[in-house]
Amino acid sequence: MADGTTQETPAPGGRRPGVGERVDRLRSRAGGLVARVPERWRHVLALFVGAKVVFAVLGVIALAAWDGVPGAPPADEAGMRTAQEAISAQRWISLWFAWDALIYDHLARQPLTGAWDDFGFPLLYPFLARPVAVLLGGNTALALLLIANVAFLLLLYYALRLGETVLGDDASARRFTRYLVLLPTAFLFQAALTESLFLCLALAAFHYAEQRRWLVVGLVGYFLGLSRSIGFLVAVPLALVLLRQHRHRLDPGTLRAYLRNGWPLLLIPAGWLTFMAFCRVTGGDWFAYKHAQEKGWGIRVQDPLGVLWHGLTGGDGRDAVRVWFAVAVLAVVLAGARRIGLPYVVYAVLMVLAPLSMGPPVYKSLLRYLLAAFPVGLVLARWARTATADVWLSVTLALLQGVLFVVWLAYWTHFVI
């Protein structure tokens, strides 16, 4: 039309389409768009969007319910709540910034010129936020949140692909991916923390290792090693994948194949060495991160089994509860060792014992660190093959996570992180 208006396309017979017909057309178009999305991504997006909606709604309701309740939050968290309000007035956004997230935001904003004295945290995550923040008008907090959630989406994709390889069928791979979303503290994948980024890189490294794309493994592994202090340890189970692919042979020809294919694994510890070099250049000390952790949190390397036993028998019931979660992860992985293979068992054991080697201060964050032990989900996916077992396990995990989410959100954040 000359005036810019449009005419409704008449229905057959010259009549205008009714409301029902319009709705049917919209549904048809939406169905066509959905059909164009690859099946794997439809599953991944459904899990991602479902988790986002559930925890946004539950979080806002929980915070509103606890407003004004005496003792909630505890006095030592009042400053954290003030910092959250400064980040955003929208609770469904600000609730994802707790303790370490505030430090990452500080690191993302700290000038690169001049003295640098914050060595207690690896810098991949906050440094990634710097260029992303430019696109968001300089908002480093939202940049951190965006990176964490993009990593969450990608880790679900790599989990599905890895599950297909390790578990051998689509149904088990989908269960594995769903169980990762239902793990007791999996809500932290949506928080402005390193959990989603670390696990995304770990799952991607294993996926590409299973596909024998070792150069990609090395490149991903470099950033994995740069993301967290225990990242370089992942080189060990990845090397076991390489050994398995060559049937653990040690003849001269196979040894040359190990070197030819596996040399990119050296890039994984190189990632952490890069952070150590940063410590040396900016702070004059290769081990500035270690000294910062010793001074700030009393962390020192100890026997992890001794720390585990101390947590169970030391008298603090809250520590005992958290350590029992670690025992449960180890028990499940070891019980299902034959079903998932040695590389994944070794990885899970390292992801449990390495944090415990930091000593009793780790108890407060243990439930958070256990998220890295993704092979527990592989075992559960193997076990829960019947619909009944799957439903009961899913409901149990969902209820447990819901309780921990409310505890973390509305009462005592330090029980989880």
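**Close-up 1. Second largest cavity of the predicted model.** The second largest cavity holds about 40 Å³ of space; the structure has 2 cavities of 30 Å³ or more. Its lining consists of Phe189, Glu195, Phe198, Leu199, Arg228, Arg368, Tyr369, Leu371 and Ala372. By class, the cavity lining comprises 6 nonpolar and 3 charged residues, with no polar ones.

**Close-up 2. Largest pocket, with its lining residues.** The volume of the largest pocket is about 990 Å³. Its lining is made of 37 residues, and those closest to the pocket centre are Gln293, Trp297, Ile299, Met358 and Tyr369. Two or more lining residues are supplied by each of helix 5 (100-109), helix 14 (288-297), helix 18 (342-356) and helix 19. Helix 14 gives the most to this lining, with 5 residues. The lining of the largest pocket divides into 21 nonpolar, 8 polar and 8 charged residues.

**Close-up 3. Second largest pocket, with its lining residues.** About 290 Å³ is the volume of the second largest pocket. It is lined by 15 residues; Leu183, Pro184, Phe325, Val329 and Val376 lie nearest its centre. Helix 16 (317-335), helix 20 (375-383) and helix 21 (387-411) each give two or more residues to the lining. The largest share, 4 residues, comes from helix 16. In the lining of the second largest pocket, 14 residues are nonpolar, 1 is polar and none is charged.

**Close-up 4. Packing of helix 2 against helix 8.** Helix 2 (residues 39-66) and helix 8 (residues 170-182) have axes that come within 11 Å and cross at roughly 20°. Angles under 35 degrees count as roughly parallel, so helix 2 is roughly parallel to helix 8. The crossing of helix 2 past helix 8 is right-handed. Helix 2 contributes Glu39, His43, Leu47 and Ala51 to the contact, and helix 8 contributes Arg174, Thr177, Arg178 and Val181. The contact between helix 2 and helix 8 includes 3 nonpolar, 2 polar and 3 charged residues.

Notes:
Residues numbered from 1 in each chain as written. Predicted model: local features only at pLDDT ≥ 70, side-chain atom pairs only at ≥ 80, totals over all residues. Heavy atoms only, no water. Axes fitted to C-alpha atoms, helices over the stretch in contact; angles between N-to-C directions. Parallel < 35°, antiparallel > 145°, perpendicular 65-115°, else oblique. Left-handed = near helix turned anticlockwise from the far one by under 90°. Contact = heavy atoms within 4.5 Å. Nonpolar A, V, L, I, M, F, W, Y, C, P; charged D, E, K, R; others polar. 1 Å grid on protein atoms, 1.4 Å probe; cavity = no way out; pocket = protein on both sides within 12 Å on 5 of 7 lines; lining within 4 Å. Points joined across faces, edges and corners; volume = space filled by probe spheres on them.
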